[in-house]
Amino acid sequence: MIALWIILGVIVLIVLMVIGIYNSLVQMRVGVQNAWSQIDVQLKRRHDLIPNLVETAKGYITHERGTLEAVIKARQMAVDASGIKDKLAAENMLTSTLRSLFAVSENYPNLKADQTMMRLMEELTTTENKIGFSRQFYNDEVGRYNASLQVFPNNMIAGQFSFKAADFFQLEDAAERKAPEVKF
Amino acid sequence: MGQINPVPTAGPDRGFSLMPYSFTEIERRETRVIHYLWLALFFVYDLLFFLIFLGVQNITQNILQYSLHGLVFYFLSLWHILCVAFVSIVLTALTCHFAQQDPLGKIRRIFRARALNDSSREQILAHIIEEVIVACGNKGVMEGVVLPFSSLNILAVSDKGGRGLIAVTEGALEKLSRAQLEAAVAHEAAYIVSGDAAINTTVSVAFTVYSALFEGMVNFIPDLMSDYGEGERFGSNGHRRTTFRGRTAGEFGESVGAPEEGGVPVVPQFIIIVVLSYVFCVVAFFLASIVTKVMAMAISRSMVRKADAVATRMTRDPKSLAEAIYIMAYHFRGSELPVGRYFHPIFFIHPSPSSFDDQEGTWAELFGTHPPVDERIQTLCAMAHVDLRELEGLVPNLRKVVPYVPSLEGVNISEPSVSCWQVLENSVWKGPYDLAQLKGLPVFHPGMYVRRDPEDVPRKAADVAELSAIFTAVMLLGHGMGLSCPSCKRELKVVVYEGEQIGVCSGCLGTLVDEAGLRQILAREEVVFSEEIKVKARALWSHSSRNNEWRFREQESPLGCPSCSHDQKKMIRRSYSGDYPVDIDHCNLCGRTWFDRDELEILQFLYENRLR
């Protein structure tokens, strides 16, 4: 009889533990999704700023029109992209085209002096910083989540309920880590 | 200026060189330390209360019943223990409650904080705060405000609802770069988001009860107000005084009630009890205040270390944070800030440079509100893999180099100038304008491109010497102020001087500045002074430093206040302060100050160069 109670007790304990771990994993996964949606908000903000930026730059940039078109194309691709991997590639592409746009605009002092352009540039700087920070926050959350998937006994429960490791939002190379620098 | 020791090589000679350089480790460790200390502080606080009560009880009982039982140790009865526990818990709850009463509003009032305006640098601060909120994972509501002081410091408070206030001084806005400001703001945000700011508010108030009691007992009718900076502080003096009186009254009551049994004359016994209890309480409160203070300060230091670590986790930019600390620590931190000592823990760095947080050693370890500046910088530099010596160049370069700026005297109010400037507006060159027209253009700003004539290379207005003067120091707005000069009765013209609108008389070149404007003008260092001003200022300074009694004078001014009905209400003519003996005419009603010709600049020169 006592043995039965003990076994029952152990089973109840295990069930409670499983529930606890399951809930904490779900909470972490929600945290990761939340963090991702925060990046999304900032990326959308960047997508919204770019048409204005290109429109303002068009009036000044006369020679290297290709750069502008590349920015517009990259933006379209980024807007259309779905799934983390595609998004990553598209956003990295957009960042590099933006950087070349800034490089080109160095040659046009009139452009840099434009009021609207200056305001847009400050907006873009802060948006880029926010993207950087939200990406970092997302990566921190992913790191925490992925680590907790791998420790024992979480890994058994994660395998049972098909919790999958989340992707990090990584930049292609270390040099990319710097947000485009806007300098006046 | 302080010298920073070079990077310590690993070794036991400096304790903190062994500190873990990983911010997550520091964060975890300090969070643990803060929680333990916080619990321990509550426990010790109540225990001390209990012990003091026990002491008083023993004194009273022993005196009353000495003839019956001799010297006996009386432990409290269960009823007493419950009473004491109840009183101490109520007292803790009340002080915590008062500490949490609208701390944001209090900070705003005490420091005369103002909301951010539309100017580009304050918009950048607004952006930085938004960015930092993103870095916290969109937790917390924070608002930025500016404190009108030239010292460099930042502070944060938060209320029960988790709303935070990040207050940056004019000086810090002026002298820190975007990255440095971001790092410092992140430090303060870390403080708010982690809830440490709220804990600290309570710690700094609730656990000063013993020291307040001690002071209350020592100065029997305490003038607590004068002790706490400008009088206002967290918590309520009134509340604390009532507690003190209530408790003393209780003691009296108790001692008066009991003495019949002993058969000793009532009055001498009563006096002995009162005197002994009084002495015991003074000593006990003193010791208790030291114990709680040591613990509260340890919490404060841990919080600063933790906030540094969390700021690094948020911005991943320990170098900028180290730079910000360095610049603030070795520049002017602001003894002018109206702070009582209870406010010190909420600052980014301790506002007075001579205090413990600059030092190392046992005393600083026990009583410093902040960890030693060098320790903070070294830890951050080690995280950033930066040599400390790189920071040493930061401070001398702080003063902004402005190529040419005329003094106020140089503002020619009616000079017709040649129309030669074209400006680029919405991709079209407009103009030509003369200087006065240029100044009047609503879109005119330092980053705008200008040229002299169509063949000229476009340059930024700020790069052209004649034009940069307009922005950095003096900009004539042309319209009248609606007030007339107190001495020559001409209408004052509005001039933008270091970003502030002031009134200038075109006749005598005197200036009228309001109170907030004067603080900001003193905070900013944009004007380059003419040789004449420098000579005059130095002469004034050397004269006043020779004649000590000459330093502060005050009398009625012959001039009436231009804004509060002329002639009827005279201003006060006095020295700006004991340290800066420039004569000013100040109106106590509206707070405006009238400077005769050159006086404003002389004051600025003395102030910026700290000649006193």
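A: The account below begins with strand pairing and then turns to cysteines, surface and backbone.

This is a predicted model, in which local features need pLDDT of at least 70 and side-chain atom pairs count only at pLDDT 80 or more, while totals for chains, interfaces and linings use all residues. Residues are numbered from 1 along each chain as its sequence is written, chains are lettered from A and ligands numbered from 1 in the order in which they are written, and side-chain values use heavy atoms, with hydrogens and water left out.

Helices (H or I, at least four residues) and strands (E, at least two) are DSSP runs numbered from the N terminus, and two strands pair if DSSP finds at least two bridges between them. Strand 11 of chain B, residues 500–505, has five of its six residues buried, so it is largely enclosed by the rest of the structure. Here buried means under 20% relative accessible area, exposed over 50%, and partly exposed in between (1.4 Å probe, protein chains only). Strand 10 of chain B (residues 491–497) runs antiparallel to strand 11 of chain B and is joined to it by six bridges; within this pairing, Val495(B) has Ile502(B) as its bridge partner. These two strands form a hairpin with two residues between them, and Glu498(B) in the turn has a positive phi of about 50°. Strand 11 of chain B also pairs with strand 12 of chain B (residues 511–513), again in the antiparallel sense, over two bridges. There, Leu512(B) in strand 12 is the bridge partner of Gly503(B).

Chain B also holds an open sheet of four strands in the order 1-2-4-3, with mixed pairing. Strand 1 (114–115) and strand 3 (154–158) stand at its edges, each with a single partner strand, so one side of each is left without a neighbour in the sheet. Strand 2 (residues 141–147) and strand 4 (residues 163–169) of chain B run parallel and are joined by seven bridges, with Gly164(B) in strand 4 as the bridge partner of Met142(B). In the loop between helix 3 (103–110) and strand 1 of chain B lies Arg112(B). Phi of Arg112(B) is positive, near 50°, and the residue is partly exposed at 36% relative accessible area.

With a disulfide taken as a pair of cysteine sulfur atoms within 2.5 Å, the count over all chains is zero. The sulfur of Cys561(B) has its closest cysteine sulfur in Cys587(B), at 3.6 Å, too far for a bond. Cys561(B) is buried, with a relative accessible area of 0%, and Cys485(B) is likewise buried at 0%.

In helix 11 of chain B (residues 266–315) is Ile271(B), which is partly exposed at 46% relative accessible area.

In chain A, Thr95(A) is placed in helix 3 (residues 84–105) and is buried at 11% relative accessible area. Pro153(A) lies in the loop between helix 5 (115–150) and helix 6 (154–160) of chain A, and the peptide bond from Phe152(A) to Pro153(A) is cis, with omega near 0°. In the segment after helix 6 of chain A is Ser162(A), which has a positive phi of about 45° although it is not a glycine. Ser162(A) is partly exposed, with a relative accessible area of 46%.
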